[in-house]
Amino acid sequence: MNITVGVIGAGALGTAISQNISGNVAEIILLLRNKELCDEINNCRYNSQYYPNYKLKDNIKATLETGDLSNCDIIFLAIPSSAFRKTLKDLQDIVKKDVIIVTTAKGIEYPSLKTMGNLIEEYFDENYVALSGPNFASEIMLNLPTVTNIASKSYENSVKVKKVLSTKQFKVKIIEDIYGIELCGILKNINAIANGICEGININENARFAVLTKGFNDTITIIKAIGGKSETVHEYCGFGDLILTSTSRESRNHTLGILYGQRLIINENANGVVFEGKNSIKAIRDICLKNNIHSDIVNFVYDVMIRKVTPTIAFNNLWENME
């Protein structure tokens, strides 16, 4: 396709998306903040910070200037939720009016309780596209078989984004539930933390997978209560992503749960790591309280991470409500 696509964020996912779509589009403008890395990508075709052994395609052009995105037809936001609002402000007066914004972030703004899609609507329009699924960036970069979901209020926009993303190995399924797909991405992180906590305190596998089942059912309850569709939780963005991030040691939020279960708390800011689940737990609990939703899994994670309840005590409280 003779179109230009922008990707904001040259981290693991942004780089992987750029490489994945490079055979489908004319040019990819990869916006990042690190001048040394920008020069390295343009001159050597490598992103040594994330993929030192994989040469990037020639039509991926790195830049430090937001203005270079002005002619992009589609822009992927592969950045943490904490950077969304500022990024959207910067883009607002630069990009084309009909640009399609694609969010890959799985977070929620606190205390506004706005999803990343809600933020996009503030600065652009409601026809953004959300992408979510069991998608480890490293496997996308390796061109391994992967499936994801996308959703939008505009089916036409979903089709355009699907054409850009789809390859022989990377499959894309369109769904209609824009609310559900974003909430699945948020709630799966909370489930991943819950199961990590259980692993961290050496809970037996029977109980751990009972907790995982409870989390899956709670996800359905929450999404239905706030306007999403229960069937979305059975999609790749729901069940698939929940299982992946709740059981894999490559999942950052699962690892974070293990650390909390072992009472080994790290300084996330000092380590440069953003755990979307921790940023989201307060927001999701507020949403549950606001909508009179009871979720034992949300309360369990909130107790451990925010109230600093001893993990074994929090688990015993959770287990009393299991049936």
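**Close-up views of a predicted model**

**View 1. Helix H13 passes helix H14 in a right-handed crossing.** A crossing is right-handed if the near helix is turned clockwise from the far one by less than a right angle, and left-handed if anticlockwise. This is a predicted model, in which local features need pLDDT of at least 70 and side-chain atom pairs count only at pLDDT 80 or more, while totals for chains, interfaces and linings use all residues. Residues are numbered from 1 along each chain as its sequence is written, and side-chain values use heavy atoms, with hydrogens and water left out. H13 spans residues 296–305 and H14 residues 311–320; the two pack at an angle of about 165 degrees, their axes 9 Å apart. H13 and H14 are therefore roughly antiparallel (angles over 145 degrees; under 35 is roughly parallel, 65 to 115 roughly perpendicular and the rest oblique). Axes are lines fitted to C-alpha atoms, for helices over the stretch in contact, and angles run from 0 to 180 degrees between N-to-C directions. Helices (H or I, at least four residues) and strands (E, at least two) are DSSP runs, numbered from the N terminus.

**View 2. Helix H8 passes H14 in a left-handed crossing.** H8 covers residues 205–225 and packs against H14 at about 65 degrees, with the axes 12 Å apart. This angle makes H8 roughly perpendicular to H14.

**View 3. Asn292 and Lys308 have positive phi values although neither is glycine.** Phi is near 55 degrees at Asn292, which lies in the loop between helix H12 (276–290) and H13. Lys308, with phi near 65 degrees, is found in the loop between H13 and H14. Asn292 counts as exposed at 74% relative accessibility, and Lys308 is exposed with a relative accessible area of 51% (exposed is over 50%, buried under 20% and partly exposed in between, with a 1.4 Å probe and protein chains only).

**View 4. Tyr110 and Pro111 are joined by a cis peptide bond.** Omega is about 10 degrees. Pro111 is placed in the loop between strand E6 (108–109) and strand E7 (114–115).

**View 5. Tyr54, Leu142 and Leu144 make a nonpolar surface patch of about 250 Å².** Patches are made of residues with over 30% relative accessible area and no salt bridge, like charges being joined within 9 Å and nonpolar side chains (Val, Leu, Ile, Met, Phe, Trp, Tyr) within 5 Å. A salt bridge is a side-chain nitrogen of Lys or Arg within 4 Å of a carboxyl oxygen of Asp or Glu. Accessible areas come from the Shrake-Rupley method with a 1.4 Å probe; for residues, only the protein chains shown count as cover. Tyr54 lies in the loop between helix H2 (35–44) and strand E3 (60–63) and, at 36% relative accessibility, counts as partly exposed.
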